[in-house]
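Let's take a look at how a ligand sits inside a protein. Have the model open while you read.

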Amino acid sequence: MTTLSVYAEQQPQQPLGVYTEFAAIRDQLAQIGVEFERWDASRPLSATAEPDEVIAAYRDSIDRLNAKYGFVSVDVVSMHPDHPQAETARGKFLSEHTHDDFETRFFVDGAGAFYIRAGGKVFLTVCTKGDLINLPANVTHWFDMGPRPDFKAIRFFRIPEGWVGHFTGDAIAERFPKFASAA
Ligand SMILES: CSCCC(=O)/C(O)=C/O
Ligand SMILES: [Fe+2]
Ligand code: NI
């Protein structure tokens, strides 16, 4: 289930609030400049669908987003629990970082957790199928796909290498609960 847990930065043990209704999640995230939308993600895709198939299936949604935000390219991250690179892939975004580009991700399958640090709080947003999240450039965050990663997400870019993370060197991620699954 899509869930937002809001923590005080210094109190990772107990959230200040937990939200599961779309409107409440959208409104909380809007306060820190993060856009959150629900999009149709019902196109049939096999578990092993190639990036080109995912992009073809969601071509109309991609075109609409490109027109709205001026994205010039997309790619697809597709992870499965038995993926040979699962652990390495998880480790890539598990520490706090920023990007020079928007971080715009459309989950067309599965789930993953964004931890967004803003205004002295951490917004732990578990995204599931149909969620579209849009973090402005330079927002401090980390992402946990869990020990058995299972998701497909389309990533949108305005600049080449927009996915490259600039790591802050802050160990905050180590203090927060890890993502296990969205069930
Ligand atoms: C959910 S897509 C893979 C992770 C990613 O691109 C990123 O930047 C996470 O912070
Ligand atoms: Fe990121
Ligand atoms: Ni899957």
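How many Å separate an oxygen atom of ligand 1 from an N or O atom in the side chain of His141? The distance is 3.1 Å.

| Side chain | Distance to an oxygen atom of ligand 1 |
|---|---|
| His97 | 2.9 Å |
| Glu103 | 3.0 Å |
| His141 | 3.1 Å |

On its own, ligand 1 exposes 310 Å², and the protein buries 99% of that (areas come from the Shrake-Rupley method with a 1.4 Å probe).

A quick word on the ground rules: this is a predicted model, where local features need pLDDT of at least 70 and side-chain atom pairs count only at pLDDT 80 or more, while totals for chains, interfaces and linings use all residues. Residues are numbered from 1 along each chain, chains are lettered from A and ligands numbered from 1 in the order written, and side-chain values use heavy atoms, with hydrogens and water left out.

Now for the neighbours. The shell around ligand 1 (residues with a heavy atom within 4 Å) includes Phe93, Arg105, Phe107 and Phe114. By type, that shell splits into five nonpolar, three polar and three charged residues. S6 gives the most to it, with four residues.

And the space itself? A pocket here is an open set of points on a 1 Å grid where a 1.4 Å probe fits, with protein on both sides within 12 Å along at least five of seven lines, and lining residues have an atom within 4 Å of a point. The volume of the largest pocket is about 300 Å³. Of its 17 lining residues, Val77, Phe93, Met145, Phe151 and Arg155 are the closest to its centre. The lining has 12 nonpolar, one polar and four charged residues.

Technical notes:
Grid points are joined across faces, edges and corners, and a volume is the space filled by probe spheres set on the points. Ala, Val, Leu, Ile, Met, Phe, Trp, Tyr, Cys and Pro count as nonpolar, Asp, Glu, Lys and Arg as charged, and the others, Gly among them, as polar. A polar contact is a pair of N or O atoms within 3.5 Å; within protein, one must be able to donate a hydrogen and the other to accept it, and residues adjacent in sequence count only if both atoms are side-chain atoms. Helices (H or I, at least four residues) and strands (E, at least two) are DSSP runs, numbered from the N terminus.
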